[in-house]
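This report describes how the parts of one predicted model meet and how the chain is laid out overall. Please read it alongside the sequence and the structure.

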Amino acid sequence: MKEDDKEYVRAFAAMFAMNGLLSRGEWDGLVRESFRLADSFMDELESQDITGIAAIKPKKKYERKA
């Protein structure tokens, strides 16, 4: 993953964490806690061996019957 992509993923993770904290009514230290959770998410994401999504081969091509 490129560095720019990592920053976008971190920002999205912080956004979703913030949404979750707001839905629970937690306001104190909202931004700091959101980015702490996002950083924890990023650490866990980087520690996993992610190779991508496997390609799914079509079983057979559809042909219209006359």
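In helix H1, Lys-6, Val-9, Arg-10, Ala-13, Ala-14, Ala-17, Met-18, Leu-21 and Leu-22 meet a set of H2 residues, among them Leu-30, Val-31, Phe-35, Phe-41 and Leu-45, where contact means heavy atoms within 4.5 Å. By class, this contact of H1 with H2 has 15 nonpolar, one polar and five charged residues; Ala, Val, Leu, Ile, Met, Phe, Trp, Tyr, Cys and Pro count as nonpolar, Asp, Glu, Lys and Arg as charged, and the others, Gly among them, as polar.

The protein has two helices and zero strands, taken as DSSP runs (H or I of at least four residues for helices, E of at least two for strands) and numbered from the N terminus.

| Helix | Residues |
|---|---|
| H1 | residues 3-23 |
| H2 | residues 30-47 |

Ser-34 belongs to helix H2 and is buried, with a relative accessible area of 0%, buried meaning under 20% (1.4 Å probe, protein chains only). Beyond its neighbours within four places in sequence, Ser-34 is in contact with Ala-14, Ala-17, Met-18 and Leu-21. Of the 66 residues of the protein, 12% count as buried.

The C-alpha atoms of the protein fill a box of roughly 65 × 25 × 20 Å along the principal axes.

Residues are numbered from 1 along each chain as its sequence is written, and side-chain values use heavy atoms, with hydrogens and water left out. Because this is a predicted model, local features need pLDDT of at least 70 and side-chain atom pairs count only at pLDDT 80 or more, while totals for chains, interfaces and linings use all residues.

Technical notes. Axes fitted to C-alpha atoms, helices over the stretch in contact; angles between N-to-C directions. Buried < 20%, exposed > 50% of the residue type's maximum accessible area, 1.4 Å probe, protein only.
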